[in-house]
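Please read them with the structure open beside you.

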Amino acid sequence: MEKQPIIETDRLLLRPFDLADAATVQRLCGDHAVAATTLLPYPYPEGLAEIWIASLSEGIERGDAAGFAVTLAREKRLIGGVRLQIDPVHVRGELGFWIGRSCWGRGYATEAVRAVIGYGFSALGLHRIHAMHFSRNPASGRVMEKCGMVHEGRLREHVRKWGVYEDVDVWGIVSPSLGPGLVV
Ligand SMILES: CC(C)(COP(=O)(O)OP(=O)(O)OC[C@H]1O[C@@H](n2cnc3c(N)ncnc32)[C@H](O)[C@@H]1OP(=O)(O)O)[C@@H](O)C(=O)NCCC(=O)NCCS
């Protein structure tokens, strides 16, 4: 995880995940409300957080992932995560992110995702960053929009979630179209 810097924003400190975070990841991702709009399993199995943190670390080492624990700068409290799955062939990254339910609606996802997009372009040299969300999860789309991403379309019944085929919306940003406020 040494490959990644710590990123400071106005209110957040984005740092590498550590195995010591596993219990908090399990608690926050184990929330039904978080599982419902992601591909996370529910209930969240014991031990999965450790596996996820270790595999993220391996991905960072290989150069095909970047991942940050989202923490409140003042309290140093872990509240979420932002991850980029990198495709080196196409020089692009796919974003995924979550914030613990008690911290929703305060702009934290936007602040964290905006910083990671900036990191993806400036430090990782990515050409394009894209992301998907369930169409029934407009808050996620709003985060993407606020981060300068462009709505590129809707994939009908693209994902089967808990036995139901679901539409997903696709958003993207390419490096020349960085909006104001993005640090590059
Ligand atoms: C989606 C999620 C990351 C948003 O985190 P957050 O910290 O609350 O996001 P922010 O506060 O930065 O921004 C949320 C925006 O969505 C808006 N929003 C919330 N609910 C909404 C709804 N039902 N319809 C439209 N917009 C909505 C908010 O008003 C805010 O926009 P605004 O600043 O213009 O008012 C969080 O709800 C989450 O982690 N959900 C579970 C996991 C998940 O869905 N991850 C994304 C998978 S792609």
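1. Helix H5 (residues 138–146) lies across strand S5 (92–99), strand S6 (128–134) and strand S8, and runs at about 160 degrees to S6; axes here are lines fitted to C-alpha atoms, for helices over the stretch in contact (heavy atoms within 4.5 Å), with angles from 0 to 180 degrees between N-to-C directions. Helices (H or I, at least four residues) and strands (E, at least two) are DSSP runs numbered from the N terminus.

2. This is a predicted model, in which local features need pLDDT of at least 70 and side-chain atom pairs count only at pLDDT 80 or more, while totals for chains, interfaces and linings use all residues. Residues are numbered from 1 along each chain as its sequence is written, and side-chain values use heavy atoms, with hydrogens and water left out.

3. Ser140, Gly141, Val143 and Met144 of H5 are buried (under 20% relative accessible area, exposed being over 50%, with a 1.4 Å probe and protein chains only). They lie on the same side of H5, because they cover an arc of only 155 degrees around the axis, taken from the directions from the helix axis to the C-beta atoms. Pro138 and Ala139, on the other side of H5, are exposed.

4. The cover over the buried residues of H5 includes helix H4 (108–122) as well as S5, S6 and S8. Just after H5, Gly148 has a positive phi of about 90 degrees.

5. S8 (residues 164–174) pairs with S7 in the antiparallel sense over eight bridges, where pairing requires that DSSP finds at least two bridges. His151 stands opposite Trp171 in S8.
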